[in-house]
Amino acid sequence: MKRSAGGARRPRSAVVVAAAVLAAVPMAGTSTALAPAGAGDPAPRTERTAAASPVGRWALKVSFEGRTYDSTVQFTPGGTAFIVGGGAGSWSRTGDGRFTFRIAEPVWGSQGDYLGRVSVDQSARLTGDTFTSSGVSRQYDADDVLVRSVQAHDTGTRS
């Protein structure tokens, strides 16, 4: 368990995605605020369109630099995107079977100090109950200085 800035205990899995992006880089701090959440054009709440939209919970395989990590995301009907256990942002439909999502995840030190953030920016293609996406993840220190960028690829399975 890790402690958040408020001292609350947080599951170790909440740190996995940030750790994955930060894996080969010593952490000097990371930073800034979440990009404004835009609801975009989220899918309507109907059974017929639910399968054609990303709305719901997804088990992810996040791959970059030859490594793969597990994560879980949740997309809401209103256009919000969450990394289960930490991080939030937005998603929007960009075409038939296509969507984008942006999520910022804070990175906390072992004493609850803010070290920065990881910003995820992905473009996805949805087919049935799976999606694939690619984009850039950026690591920022506590002073909002870009420390590192990596090209990342995700495979999501509806869970």
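Begin by selecting strand β8 (residues 114–127), which twelve bridges join to β9 in an antiparallel arrangement. Strands here are DSSP runs (E, at least two residues) and helices are DSSP runs as well (H or I, at least four), numbered from the N terminus; two strands pair if DSSP finds at least two bridges between them. The model is predicted, with local features requiring pLDDT of at least 70 and side-chain atom pairs counting only at pLDDT 80 or more, whereas totals for chains, interfaces and linings use all residues. Residues are numbered from 1 along each chain as its sequence is written, and side-chain values use heavy atoms, with hydrogens and water left out.

**Stop 1**

Continue to strand β9 (residues 130–141), joined by eleven bridges to the antiparallel strand β10 (residues 146–158). Serine 133 faces aspartate 154 in β10, while tyrosine 140 has leucine 146 of β10 as its bridge partner. Tyrosine 140 also has a charged neighbour: the charged end of arginine 117 sits over its ring, 3.9 Å from the centre. For such a placement, NZ of Lys or CZ of Arg must be within 6 Å of the ring centre and within 35 degrees of the ring normal.

β9 and β10 form a hairpin with four residues between them. Select aspartate 144 in that loop: its phi is near 65°, a positive value in a residue other than glycine. At 37% relative accessibility, aspartate 144 is partly exposed (buried means under 20% relative accessible area, exposed over 50%, partly exposed in between; 1.4 Å probe, protein chains only).

**Stop 2: the whole barrel**

Now display the entire chain. Two helices and ten strands are present, in the sequence pattern β-β-α-α-β-β-β-β-β-β-β-β. Eight of the strands close into a barrel in the order β3-β4-β5-β6-β7-β8-β9-β10, with antiparallel pairing. Neighbouring strands of this sheet are turned by 30° against each other on average, direction ignored. Of the 159 residues, 40% count as buried.

**Stop 3**

Select glutamate 65, located in the loop between β3 (56–64) and β4. Its phi is near 45°, positive in a residue other than glycine.

**Stop 3: the aromatic rings**

Show the side chains of Phe, Tyr and Trp. Their rings (for Trp, the six-membered one) pair if the centres lie within 6.5 Å; planes under 30 degrees apart count as stacked, over 60 as edge-to-face and the rest as tilted. By this rule there are eleven aromatic pairs. Phenylalanine 64 and tyrosine 69 make a stacked pair, 5.7 Å centre to centre with 25° between the planes. Phenylalanine 64 is buried, at a relative accessible area of 3%.

Which arrangement do phenylalanine 75 and tryptophan 91 adopt? They form an edge-to-face pair, 6.4 Å centre to centre with 70° between the planes. This pair links distant parts of the chain, as phenylalanine 75 belongs to strand β4 (residues 67–75) and tryptophan 91 to strand β6 (residues 88–95), 16 residues apart. Phenylalanine 75 and tryptophan 91 are both buried.

To end the tour, select Trp58, Phe75, Trp91, Phe99, Phe101 and Phe131 together: ring pairs link them into a cluster.

Notes:
Axes are lines fitted to C-alpha atoms, for helices over the stretch in contact, and angles run from 0 to 180 degrees between N-to-C directions.
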